[in-house]
Amino acid sequence: MVKSALFCYIGPPMSTLAALPLSHYQLFQTGDVDEARECVARIFCPHGLHVAHPGTALDARHHSVRLHQDVSLNYVQYGPAVRIDPGCLGEFYLLQIPLRGGASIRCGQQQVLADTRTASLPSPTEPLNMVWADDSPHLIVRFSRLAVQRQFEQLAQTPLTQPLVFDLAVPLDAPALAPVLNFVQYLCATVDADPALCGTALAAQAETYLLTALLTLAPHNHSACLQPGARRSLLPRSVRRAQEYLHEHVTAPLSLADLCQHLGVSARALQQAFRQHTGRSPMAYWRDLRLDHVHTVLARCGSLDKASVSQVAAQYGFLHLGHFAAQYQARFGELPTQTLRTGSVGAH
């Protein structure tokens, strides 16, 4: 059976220990509630933070490191019990593993009492509020929502038409999850010992493994699409080649005729193959691909102004700002300027 918690410490409170998880990546340590709230928001999102028992001294600390592009590892502690109210996370999923103590988590219509045997996995489209108990440090894995969506679509070979919502409770002693939890523990120890791992090809492979494991092992509302018996076909060569070409020419002013000429197929045949195997037309796929690139740029740049947003949109072929904003909001659930305001968050 798997150990019920990662880095399970016994002895004095964790804030007094010499070595904490991800100790080489400390962002802050403070007893001030406002400072803690502001600093944590830079990595996650704006939220309410209140000490559950007024007058109790806070002992907040946050360690964080981005593995490659889409996953970050975090250690967070507050000391006394706190109420945390982020609302909808928006751009990311969180796997929250209590190292000790526990937390009451409500996300949408789901609720769980997390402890060293049960983690929580809130989804970004569901309103979230939490109460962490006294002395309840957490190890938190942050997954980019866009990366989770892309990985799902690649695994299922079907577009994600409805938000992906995970079961909130994650049993840490479930045999199926043992490889994931052991790997998270291994990654934390490895990046602490060798920071050079972050940002490398090996780190990218680790992210892919974590995303795949999350989608295939943790239950969610689209799990049936990823079951071994699910009926889905491999992409035909024409669709695969079209996708590769579009990825390579994402900023080029391409038309359907250009794509068909390159592939040597008729527009009717390509459109039929695309719709049958992806649920979208080639041009809808290309539009979503370009929107994804714009989103990535905006999420990583917190200092652009509205004029710069239009420049980024134009770079990827979106010249009508009204249509662009509507398409962007339909895909990501927020306007481009909203992504821009939390750009420094999305970069971690």
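Modeller: One definition before we start. A cavity is a set of grid points where a 1.4 Å probe fits but cannot get out, and its lining residues have an atom within 4 Å of a point. Bear in mind that this is a predicted model.

Colleague: Which residues lie nearest the centre of the largest cavity?

Modeller: That cavity holds about 130 Å³ of space. Its lining is made up of 15 residues. Nearest the centre are Val40, Phe44, Ile84, Leu94 and Met130.

Colleague: Which element gives the largest share of that lining?

Modeller: Strand 5 (82-87), strand 6 (92-98) and strand 10 (128-132) each give two or more residues to the lining of the largest cavity. The largest share is 3 residues, and it comes from strand 10.

Colleague: How many charged residues are in the lining of the largest cavity?

Modeller: Sort the lining by class. There are 13 nonpolar and 2 polar residues. The charged count is none.

Colleague: Which helices each supply at least two residues to the lining of the second largest cavity?

Modeller: About 80 Å³ of space lies in this cavity. Its lining includes Leu181, Ala213 and Leu214. By class, the lining has 9 nonpolar residues, with no polar and no charged ones. The helices are helix 3 (178-193) and helix 4 (201-217).

Definitions and conventions. Residues are numbered from 1 along each chain as its sequence is written. This is a predicted model: local features need pLDDT of at least 70, side-chain atom pairs count only at pLDDT 80 or more; totals for chains, interfaces and linings use all residues. Side-chain values use heavy atoms; hydrogens and water are left out. On a 1 Å grid over the protein atoms alone, a cavity is a set of points where a 1.4 Å probe fits but cannot get out, and a pocket is an open set with protein on both sides within 12 Å along at least five of seven lines; lining residues have an atom within 4 Å of a point. Grid points are joined across faces, edges and corners, and a volume is the space filled by probe spheres set on the points. Helices (H or I, at least four residues) and strands (E, at least two) are DSSP runs, numbered from the N terminus. Ala, Val, Leu, Ile, Met, Phe, Trp, Tyr, Cys and Pro count as nonpolar, Asp, Glu, Lys and Arg as charged, and the others, Gly among them, as polar.
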